[in-house]
Amino acid sequence: MSKEKKPTKPSLNKNTLKTAKRLLGYVTKTYKVQFIIVLICILVSSIATISVSLSLKFLLDDYIIPLIGQKSPDYTELYQALGILACIFLSGVIASFIYTRLMVVIGQGVLKRVRDEMFEHMQKLPIRYFDRNTNGSIMSLYTNDTDTLRQMINQSIPQVLMSALTIVVTFIAMLVLSPILTVLAVVMIRVMTAVARMVGGNSGKYFVRQQLDLASITGFVEERMTGQRVVKVFNHERISEEEFDQLNESLFVSSSKAHTFASIMGPVIGNMGNLQFVLTAVLGGALSVLGIGNITLGVMASYLQFTKSFTQPFMQIAQQFNSIIMALAGAERIFNMMDEEPEVDEGYVTLVNAKKDAQGNLTECKERTGLWAWKHPHQADGTVTYTELKGDVRFYDMTFGYTEDHMVLHDLTLYAKPGQKLAFVGSTGAGKTTITNLINRFYDVQDGKIRYDDININKIKKAD
Ligand SMILES: Nc1ncnc2c1ncn2[C@@H]1O[C@H](COP(=O)(O)OP(=O)(O)OP(=O)(O)O)[C@@H](O)[C@H]1O
Ligand SMILES: [Mg+2]
């Protein structure tokens, strides 16, 4: 249990933008058409929502108010207007149904691809990678971190796009309806974003910390579960428990802080939205009575509707912000793993089935003969030589360490003749397992002083 416990540390920096781009690349490359449809549907849906609010003005000012007090009112035009409104509303509903469905397909598809690529890459990683990272923290990439990605693709991306569009279109509509009242709205939005930044500014950091702590705790539990026998043998239960408590406490602190900030945000912005509603109503009413700014009953009704729906997208973006930060941190960890250098195997000497011909020369053959030969291609002249596998293993002046600063084997020379049985005896940590690791070529030695039947081990293909 000598593994390092901390997973690689992500941070929010210029890499974050690169990560976001790379993640978006997954979406746009595999699901280009679908994503374009999603964008169109989002546009349709937000325009439909706004048209419904905006139509209040026209319904009131142009259709309903003129009918008031008439002896025999003619409702045909009103019905027509309502019919058009219903159509717009319906198209909005259909559009939002389509894009939510599509985003689920895209999200799950991207995740499947990410998991596939992750696993495929993991198979190629050198043993060293698994020394540096606990199994649990690697597993956390497949579970916790991919889950944050799912949430981001399924929820955050469409939500933020929708909200941003709604803000822009609503703002234009508000400006057209009443420039004076819009000044008030702008001031309120400034205040709201400042408050949001004050309250939520820190929470992103804690969401990232929470993911890291989650990876640590998963790693720890996995390690202690597989090593439970060792824990018991060495009466290590109490210390184990203390170590777990520490990690658990850290997770408690980071997730409490993250979620406290996030949950304050909603009510704060919501209440400020209500305040804005009241202020707009008072100011609008006063202006209308004073006859300033051409504010009719229809304008007021429409505008108030917009005021209500204007704060909502800000709140939604603020809420999604944390999910996005969390997902990007998760994506960064996943991409870090995918970017780990895969193991390169420069070995070219392979082991093949062989038989002896009449002259006693070795030749390669497909079937099992019980006789094995090292197949040794020579690049210089294109020839191939075969030498019989005997099983002679020699170490010459081997010096090896897992890390540069801590050598485990010093000047080790040993040999095992073909068929000879050898035993390693030594205190724990002496390097017995290390020797077998080197024989298997789990770790490469720079000097290349291990030889199999006089062949440098670095020339032998790992699988062979
Ligand atoms: N994957 C690793 N990364 C870094 N250091 C390691 C790694 N594996 C072993 N070591 C270190 O190398 C040294 C030799 O370890 P090794 O496992 O070879 O000993 P051993 O003789 O097999 O001990 P034991 O009898 O307990 O099995 C120890 O100091 C150990 O801490
Ligand atoms: Mg050992």
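Mentor: The radius of gyration is taken over C-alpha atoms, and the globule rule is 2.2 Å times the number of residues to the power 0.38. For 464 residues, a compact globule would have a radius near 23 Å, but the protein chain has 34 Å. Along the principal axes, its C-alpha atoms fill a box of roughly 120 × 55 × 35 Å. This is a predicted model, in which local features need pLDDT of at least 70 and side-chain atom pairs count only at pLDDT 80 or more, while totals for chains, interfaces and linings use all residues. Residues are numbered from 1 along each chain as its sequence is written, and side-chain values use heavy atoms, with hydrogens and water left out.

Trainee: How many salt bridges does the count come to?

Mentor: A salt bridge is a side-chain nitrogen of Lys or Arg within 4 Å of a carboxyl oxygen of Asp or Glu. By this rule there are 18. One of them joins Arg441 to Asp345, with the closest N and O atoms 3.1 Å apart. This pair links distant parts of the chain, 96 residues apart.

Trainee: Is Arg441 buried or exposed?

Mentor: Buried means under 20% relative accessible area, exposed over 50%, and partly exposed in between (1.4 Å probe, protein chains only). Arg441 counts as buried at 6%, whereas Asp345 is partly exposed at 30%.

Trainee: Which residues are linked in a network of salt bridges?

Mentor: Glu223, Arg224 and Glu243 form such a network.

Key. Chains are lettered from A and ligands numbered from 1 in the order in which they are written. Helices (H or I, at least four residues) and strands (E, at least two) are DSSP runs, numbered from the N terminus.
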